[in-house]
Amino acid sequence: MYTQAMDIPDESGNPGGKKLSVVSAPQSEQEAAFEARIDADGRIEPQDWMPEAYRKTLVRQISQHAHSEVVGMLPEGNWISRAPSLKRKAILIAKVQDEGGHGLYLYSAAETLGTGRDEMIAGLLSGRAKYSSIFNYPTLNWADVGVIGWLVDGAAIMNQIPLCRCSYGPYARAMIRVCKEESFHQRQGYEALLVMMKGTEAQRRMVQDAVDRLWWKCLAMFGPPDADSPHSAQGMRWGIKRVSNDELRQKFIDATVPQAKVLGVTLPDPDLKWNEARGHHDYGQIDWQEFWNTVEGNGPCNKERLATRVKAHEDGRWVREAALAHARKQQARASKEAA
Amino acid sequence: MSTAPNDYLLHLADNAVVLGQRDAEWCGHGPILEEDLALANVSLDLIGQARLLYQLAAARSGGGATEDSLAYFRDDTAFRNYTLLELPNHGALVGYAASDRDYATTIVRNFLYSALMVLLWDALQKSPDADLAAIAAKSLKEARYHLHHAADWVVKFGDGTEESHARAQAALDHLFPYTEEFWTPSAAEDAAIASGAAVDVRTLRAAWDAIVADTLAEATLKRPEVRGYVPEGKQGRHSEHLSYLLGEMQGLARAHPDGTW
């Protein structure tokens with residue numbers, strides 16, 4: 001899934017509130033080489049020199065993305081035990097497992113920048129690090145699972161396709177794999193909804209209810225309007241961000257409207273209509289006040305999501321300690337034998 | 001060609017779906033991300049096995065039965081799974097008690113069950129019931145991985161810290177008596193043995209004992225003494241826990257009996 005990372009400063013990020021200059025004047029050979037590689041659309045690799053601010057921005061973005069994958073397991077996991085057929089149960093478990101897998105390789109990509117997984121997870125559990133706000137909304141009926149696949153993963157793909165060309169090599173490569181799996185999830189989600197729409201009236205109501213609740217939240221996933229997006233300019237300059245929030249949002253809406261029509265659901269926006277002159281759909285106002293409330297921790301499920309991550313971590317401590325203790329004992333036994 | 005009676009297929013399928021449901025409860029709550037993925041994998045394998053077995057049973061019974069009618073529209077007393085597999089992922093408590101999940105309970109249960117299934121699937125892959133043999137051959141590969149994963153953790157727990165050792169021993173003490181059910185054939189198993197399509201589980205007992213003894217020795221854990229009550233889940237007489245598990249699993253499907261998913 002996805003994080004609106006570039007736009008959501010962590011409390012840990014950018015210490016001292018120092019402003020990042022958009023185009024910094026190269027001060028050393030190393031910096032000049034870095035800037036030249038960025039200008040030539042080349043890849044930065046872990047062993048390459050990079051400015052500290054670039055490193056920090058990437059650690060923040062990639063770890064937020066990893067946290068989003070891991071927290072994102074919870075709203076969908078909520079329906080595993082109740083999936084209404086064995087086929088859908090298997091698909092859902094595999095999907096949630098994929099999200100966990102994305103979390104793993106994103107943590108690994110971030111580790112190439114010199115920050116350990118434990119440190120990143122500590123940031124999440126303390127509430128310092130952010131994750132995508134879309135996961136702070138409840139999943140209230142089975143159709144939410146399909147709509148998360150169709151719309152949430154759909155929005156994630158819009159955001160992540162450009163990241164496959166991100167200037168930082170390990171992140172770009174991780175995103176190629178993530179995007180392939182997300183497209184698969186999106187098609188699966190849409191297919192599940194198509195089947196439900198051909199079912200009973202109650203099933204069609206479930207699908208519409210899920211779309212009504214999630215549509216606006218998905219539009220907000222692209223982050224604040226470009227005018228209010230503080231990190232975007234530097235991100236664009238560094239080749240970390242490639243397409244602006246508003247452009248991505250528009251692309252998502254234009255792609256989704258015909259899909260909604262085929263599905264037979266209404267998108268809950270009376271202002272949504274085709275604008276011939278722009279060649280795009282016009283759409284209504286996103287409730288940014290509600291979005292920021294949720295980002296700041298006061299959405300419907302923030303406390304439950306975070307507390308659940310904390311509990312899993314605390315409850316699992318003895319397991320991790322056992323694995324470590326066993327490994328140490330084995331090592332000790334091996335060196336004793338060798339001696 | 002001899003075919004296994006449907007009751008026997010349902011016994012195998014119910015085992016897989018019920019444990020698949022329990023293992024999936026860890027999804028999003030594992031002690032470390034790698035274990036979240038591993039348990040999801042085990043659960044997926046088990047649900048896959050259940051689907052194949054239910055499909056086979058449905059095709060053979062006719063009358064419009066499907067994998068989902070068998071999984072979702074039979075009541076708890078019709079379920080033929082081992083009682084061991086329906087127990088919650090925590091220590092011994094009554095049906096309506098609430099408790100935190102305990103990873104030692106989950107791992108020890110997976111260990112005791114997969115140690116049986118590597119032997120049973122291995123035997124069943126030679127069954128003259130070709131459909132069952134094919135499912136067994138596929139499931140054997142999966143069960144080997146499940147056993148490897150669980151035994152590895154049993155050793156880590158036993159050898160790890162004082163706390164992990166105590167938790168693993170407590171889980172063994174709690175769960176071991178339920179394995180007695182493995183060795184007392186049900187009417188369905190007797191019929192399956194008589195059909196020639198299945199093996200007598202009692203012939204696998206020595207090999208199972210050996211797997212368990214090896215792992216427990218490496219883990220420095222003690223095999224509990226077992227006496228008294230022998231559970232009868234596979235004969236439809238379950239613990240207090242199965243109806244809760246099925247209530248949750250079947251609720252949505254039953255609320256929309258005409259739904260298509």
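**Note on the predicted two-chain model**

1. A:K95 and A:D153 are both buried (under 20% relative accessible area with a 1.4 Å probe, protein chains only; exposed is over 50%, and partly exposed lies in between). Their side chains form a salt bridge with an N to O distance of 2.8 Å; the term denotes a side-chain nitrogen of Lys or Arg within 4 Å of a carboxyl oxygen of Asp or Glu. A:K95 belongs to helix α4 of chain A and A:D153 to helix α6 (residues 143-163) of chain A, so the pair ties together parts 58 residues apart in sequence. Helices are DSSP runs (H or I, at least four residues), numbered from the N terminus.

2. This is a predicted model, in which local features need pLDDT of at least 70 and side-chain atom pairs count only at pLDDT 80 or more, whereas totals for chains, interfaces and linings use all residues. Residues are numbered from 1 along each chain as its sequence is written, chains are lettered from A and ligands numbered from 1 in the order in which they are written, and side-chain values use heavy atoms, with hydrogens and water left out.

3. A:K95 also pairs with A:E99, the closest N and O atoms being 3.7 Å apart. These two residues lie four residues apart in helix α4 of chain A, about one turn of the helix, and both are buried. A network of salt bridges links A:E76, A:K95, A:E99 and A:D153.

4. Over all chains, the structure holds 37 salt bridges. One of them joins A:R37 to A:D48, with the closest N and O atoms 2.7 Å apart. A:R37 is in helix α1 (residues 29-39) of chain A, and A:D48 is in the loop between α1 and α2 (52-71) of chain A, eleven residues away. A:R37 is partly exposed, at 35% relative accessible area, while A:D48 is buried, at 17%.

5. The interface draws 50 residues from chain A and 47 residues from chain B, contact meaning heavy atoms within 4.5 Å. Between them the chains bury about 4,100 Å², 67% of it on carbon and sulfur atoms; buried area is the accessible area (1.4 Å probe) that two parts lose on being put together, summed over both. In chain A, A:L86, A:Q97 and A:W318 lose the most area to chain B, together 20% of what that side buries.

6. Three salt bridges are found across the interface of chain A and chain B. A:K311 forms a salt bridge with B:D100, at 2.9 Å between the closest N and O atoms.
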